[in-house]
Amino acid sequence: MTSRVDLLLSAARDRIERLTPEQAHAEIASGEAVLVDIRPAAQRAEEGEPEGALVVERNVLEWRFDATNDAALPIARDDLRVVVICQEGYTSSLAAAALRDVGVLRAADVDGGFVAWRAAGLPER
């Protein structure tokens, strides 16, 4: 039997675009997208961070990117390409789907998360 959370994850992934770390890096490097690291501070401190990532922890993500919200970041807009990264690519899929739910229709995530980013040898800070 498939768990409910696995069904939720599958449904989220059906609605978003998943990028390889290399694809994500290329979009960020070209200025087409913003990379958003949603991992908690302790995890980022222990594991490292992708270079150029904007840190917005998961618990405030929707508020920071909903352009109609008073707590939105200055860069927030519905057509912004937001590429979400977490540790292994699970939470980021759910987060990207949630961003789409609040109107950020080009939200995507990094398949494999920071683990895959590091394995690909992409820049870290």
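Author: A residue is called buried if its relative accessible area is under 20%, exposed if the area is over 50%, and partly exposed in between (1.4 Å probe, protein chains only). The model is predicted: local features need pLDDT of at least 70 and side-chain atom pairs count only at pLDDT 80 or more, while totals for chains, interfaces and linings use all residues. Residues are numbered from 1 along each chain as its sequence is written, and side-chain values use heavy atoms, with hydrogens and water left out.

Reader: Why does Arg-81 count as buried?

Author: Arg-81 has a relative accessibility of 5%. The limit for buried is under 20%, so Arg-81 is buried. Glu-27 is buried as well.

Reader: What joins the side chains of Glu-27 and Arg-81?

Author: They meet in a salt bridge, at 2.8 Å from N to O. Glu-27 belongs to helix α2 (residues 21-29) and Arg-81 to the loop between α4 and β4, 54 residues apart. Helices (H or I, at least four residues) and strands (E, at least two) are DSSP runs, numbered from the N terminus.

Reader: With which residue does Arg-81 have closest N and O atoms 3.0 Å apart?

Author: That residue is Glu-17, and the distance makes the pair a salt bridge. Glu-17 is in strand β1 and Arg-81 in the loop between α4 and β4, so the pair ties together parts 64 residues apart in sequence. Glu-17 counts as partly exposed, at 36% relative accessibility. In total the structure holds 12 salt bridges. Among the residues involved, Arg-44, Glu-49, Glu-57 and Arg-125 are linked in a network.

Reader: How do you know that Asp-109 and Arg-18 form a salt bridge?

Author: The closest N and O atoms of Asp-109 and Arg-18 are 2.9 Å apart, which is within the limit of 4 Å. Asp-109 lies in strand β5 and Arg-18 in strand β1, 91 residues apart. Asp-109 is buried, at 0%, whereas Arg-18 is partly exposed, at 23%.

Reader: In what order do the five strands form a sheet?

Author: The order is β1-β5-β4-β2-β3, in an open sheet with parallel pairing. β1 and β3 (54-55) each have a single partner strand, so one side of each has no neighbour in the sheet.

Reader: Why is Ser-92 called buried?

Author: Ser-92 has 0% relative accessibility, so it counts as buried. Ser-92 is in helix α5. Leaving out residues up to four places away in sequence, Ser-92 touches Ile-38, Val-84, Ile-85, Cys-86, Asp-109 and Val-110; contact means heavy atoms within 4.5 Å. The buried residues of α5 (residues 91-101) also include Ala-95 and Leu-99. They pack against α1 (4-15), β1 (17-19), α4 (61-65), β4 (82-85) and β5 (108-110). Just after α5, Gly-103 takes a positive phi of about 105°.

Reader: What makes a set of residues a nonpolar core?

Author: Its members are buried Ala, Val, Leu, Ile, Met, Phe, Trp, Tyr and Cys residues joined through side-chain atoms within 4.5 Å. Of the 18 residues in the largest nonpolar core, those touching the most other members include Ile-38, Phe-65 and Leu-99. β2 (34-37), α4, β4 and α5 give two or more residues to this core, and α5 gives the most, with four. A second, separate core of 13 residues includes Leu-35, Ala-53, Ala-108 and Trp-117.

Reader: Why does Ala-42 count as exposed?

Author: Ala-42 has 60% relative accessibility, and the limit for exposed is over 50%. Ala-42 is found in helix α3 (residues 41-47).

Reader: What sits over the ring of Phe-114?

Author: The charged end of Arg-39 does, 4.6 Å from the ring centre. The rule asks for NZ of Lys or CZ of Arg within 6 Å of the ring centre and within 35 degrees of the ring normal.

Technical notes. Pairing = 2+ DSSP bridges.
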